[in-house]
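Trainee: Before we look at anything in particular, could you take me through how the features of a model like this are to be read?

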Amino acid sequence: MAASAQTTGAQSTGALPTVRRLVLYILFFTLVTVAATGASGLLALVLDPGELTGTERTSALARSIAFLLIAGPLTLLLWRALAKRLLQPAESGAPAWGLYLAAMYATALIAASTSLFSLLGNLASGRTDGWGRDLAGALVWGGVWWWHQWIWRDARRTPRILPNLPGILGSWYGLLVGATALASALSVVFSAALDTFFPAPSIGSPWWKGMLAQLPWIAGGLAVWWWHWVRRGMGAVRGGFADVALVLVGVLAAGAAALGGTGYLLYTLGNAALRGPSLQLLAPAPLALGTAMAGALVCSLAPSWFAGRLPGTAEAGRQVVSGLGLAAGASGLGVCVNASLASLTPPLAGNNTRSLLLAGVIWLALGALTWWRAWRPGKPADPRGRRVYLVAVFGISAVVALVALLVAGFRLIEFLLEPDRLASGLLESVRAPVGLLTATVLVSLYHFVIWRADRTVLESTDSQRDGTLDSIVLVAGGDAGPLRAALAKSTGARVRLLARAGDGYQASEEELAAAIASADVASPRIMLLVEGPGSVRVVELD
């Protein structure tokens with residue numbers, strides 16, 4: 001009997017429950033998607049019967065009915081079983097449940113919102129094509145989203161792992177939609193302004209209709225962002241994926257849009273000044289300006305979003321900006337080398353070395369300025385805080401250098417196999433990879449010097465810290481996450497948390513510090529076992 005009980009317990013805590021949950025939630029995701037697709041397709045045929053005719057209508061009708069009649073009942077049956085299981089803490093606390101809810105929530109939100117915004121945008125610009133399909137998608141997928149946000153708000157079934165992931169994804173999705181639509185709307189306005197200086201025959205719809213078509217996307221995206229960020233409180237969530245998403249979207253995506261749009265705008269204007277202003281040369285300028293302005297607007301809001309977050313998050317954002325500037329500057333340097341080599345060869349038809357050199361100079365100057373302001377060379381910095389950044393730079397540089405070497409080697413071998421070709425042909429074919437390789441080598445050499453200097457500082461710091469704690473394993477009950485963070489900050493050691501079964505007793509930071517001081521440990525690695533009130537056992541580890 002005892003052996004049977006042990007076997008059952010081992011199975012319940014092994015890989016079997018994890019695999020079962022993965023299979024069930026993948027199946028549930030598939031069924032919900034298929035059922036919603038069938039329902040929206042059927043509703044579209046009802047709302048707009050004349051959109052499809054003949055065999056296309058018959059095929060669409062058969063597919064929608066099959067999807068709905070087969071996947072719909074299976075979805076309801078599987079949900080009834082899952083709804084009962086999710087009342088158990090072990091089920092609602094499984095990572096698979098949190099991932100499913102976030103994935104389905106985001107999928108339904110994207111499908112419903114894009115259909116609704118597309119419908120409103122088309123109606124605002126005077127187009128009615130596909131209105132039934134868009135309305136059906138908005139209604140059906142909107143219902144799926146509402147169902148899953150109701151599950152998310154249910155305290156009995158809300159995920160205990162990744163509980164805020166649906167809201168974080170929803171908030172940043174809304175901001176991306178609103179910012180992208182704002183860039184498109186601004187480009188339409190700037191294009192209309194450009195047309196006043198270079199009149200051309202009017203073709204298609206008036207410019208203001210294109211502007212009206214973007215307004216629902218702007219308002220809708222901002223509404224989605226506000227609903228999650230303010231109403232659902234995602235703006236107050238700190239740590240974990242919330243900080244990662246802030247750096248990825250609020251800094252990386254917005255910074256890339258602002259920097260890329262600005263660089264392309266300067267190149268467009270400079271190229272037009274060199275070759276003579278014309279509508280053809282200035283055509284990309286409105287979109288570049290709109291993208292730069294939308295990205296700059298999001299970047300201007302980022303400092304307020306970083307308030308109250310961990311210092312490491314702000315440091316990660318600064319390093320991302322530095323990486324963007326470094327990538328732009330290195331690319332510009334490579335293009336400058338490319339243009340310099342191009343000036344040594346006879347010009348080809350349509351070849352404009354001045355435009356190529358202009359692009360290189362602009363990206364080099366813009367990237368260097370961005371990198372200088374973010375990296376702040378010469379100022380003291382925490383060597384531990386930028387080790388990941390340096391490793392990332394070395395990794396990306398290695399990949400770029402490998403690709404450049406492969407291309408250059410291929411061109412060189414191709415030239416050697418055809419001895420009749422002129423030397424200028426070889427230079428023309430390898431100048432782009434040589435320029436890229438030159439920039440990559442210079443970037444790697446600079447950061448290698450930084451790496452060596454940081455390594456020297458870390459080694460001297462570690463030698464001064466001999467006899468102090470290096471790592472701590474904390475075994476405590478309850479929610480000991482804040483205690484782990486406080487212990488890591490006070491000791492400077494890496495702290496790993498192991499949660500005890502049940503609620504258990506959670507010691508204070510003062511009790512842990514007193515236990516460490518009284519134990520007089522010699523090993524740099526220890527375990528702190530919280531056994532009860534006033535009882536913290538210290539175990540030295542090898």
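**Reading the model**

Mentor: Let us start with burial, where buried means under 20% relative accessible area, exposed over 50%, and partly exposed in between, with a 1.4 Å probe and protein chains only. Of the 542 residues in the protein, 38% are buried. This is a predicted model, in which local features need pLDDT of at least 70 and side-chain atom pairs count only at pLDDT 80 or more, while totals for chains, interfaces and linings use all residues. Residues are numbered from 1 along each chain as its sequence is written, and side-chain values use heavy atoms, with hydrogens and water left out.

Trainee: What pLDDT does the protein average, and which element has the lowest mean?

Mentor: The term pLDDT is the predictor's confidence in each residue, from 0 to 100. The protein averages 83, and 88% of the residues score at least 70. Among the elements, helix H1 (residues 2-12) has the lowest mean pLDDT, at 41, whereas helix H5 (residues 95-124) has the highest, at 93. Over residues 1-13 the pLDDT is below 50, and beyond near neighbours in sequence this stretch has three contacts in the model, a contact being heavy atoms within 4.5 Å.

Trainee: How many helices and strands does the secondary structure come to?

Mentor: Helices (H or I, at least four residues) and strands (E, at least two) are DSSP runs, numbered from the N terminus. On that basis the protein has 17 helices and four strands. As for the contacts in the protein with a separation of 6 or more, residues 24 or more positions apart account for 76% of them.

Trainee: Which contacts does His228 make, leaving aside its neighbours within four places in sequence?

Mentor: His228 is placed in helix H8 (residues 207-231) and is buried, with a relative accessible area of 1%. Apart from those neighbours within four places, His228 is in contact with Tyr105, Leu109, Gly167, Gly170, Ser171, Gly233 and Met234.

Trainee: How many salt bridges does the structure hold, and where does Arg309 lie?

Mentor: Side chains of opposite charge can pair when their charged atoms come close. The criterion for a salt bridge is a side-chain nitrogen of Lys or Arg within 4 Å of a carboxyl oxygen of Asp or Glu, and the structure holds eight of them. In one, Arg309 pairs with Asp243, with the closest N and O atoms 2.5 Å apart. Arg309 lies in the loop between helix H11 (285-306) and helix H12 (311-342), and Asp243 in helix H9 (residues 241-275), so the pair ties together parts that are 66 residues apart in sequence. Both Arg309 and Asp243 are buried.

Trainee: Which residues make the nonpolar surface patch?

Mentor: Patches are made of residues with over 30% relative accessible area and no salt bridge, like charges being joined within 9 Å and nonpolar side chains (Val, Leu, Ile, Met, Phe, Trp, Tyr) within 5 Å. Here Leu61, Ile65, Leu69, Ile70, Leu74 and Leu77 make a nonpolar patch of about 570 Å², the areas coming from the Shrake-Rupley method with a 1.4 Å probe and, for residues, only the protein chains shown counting as cover. Ile70 lies in helix H3 (residues 54-85) and is exposed, with a relative accessible area of 58%. The protein as a whole exposes about 29,000 Å², of which carbon and sulfur atoms supply 68%.
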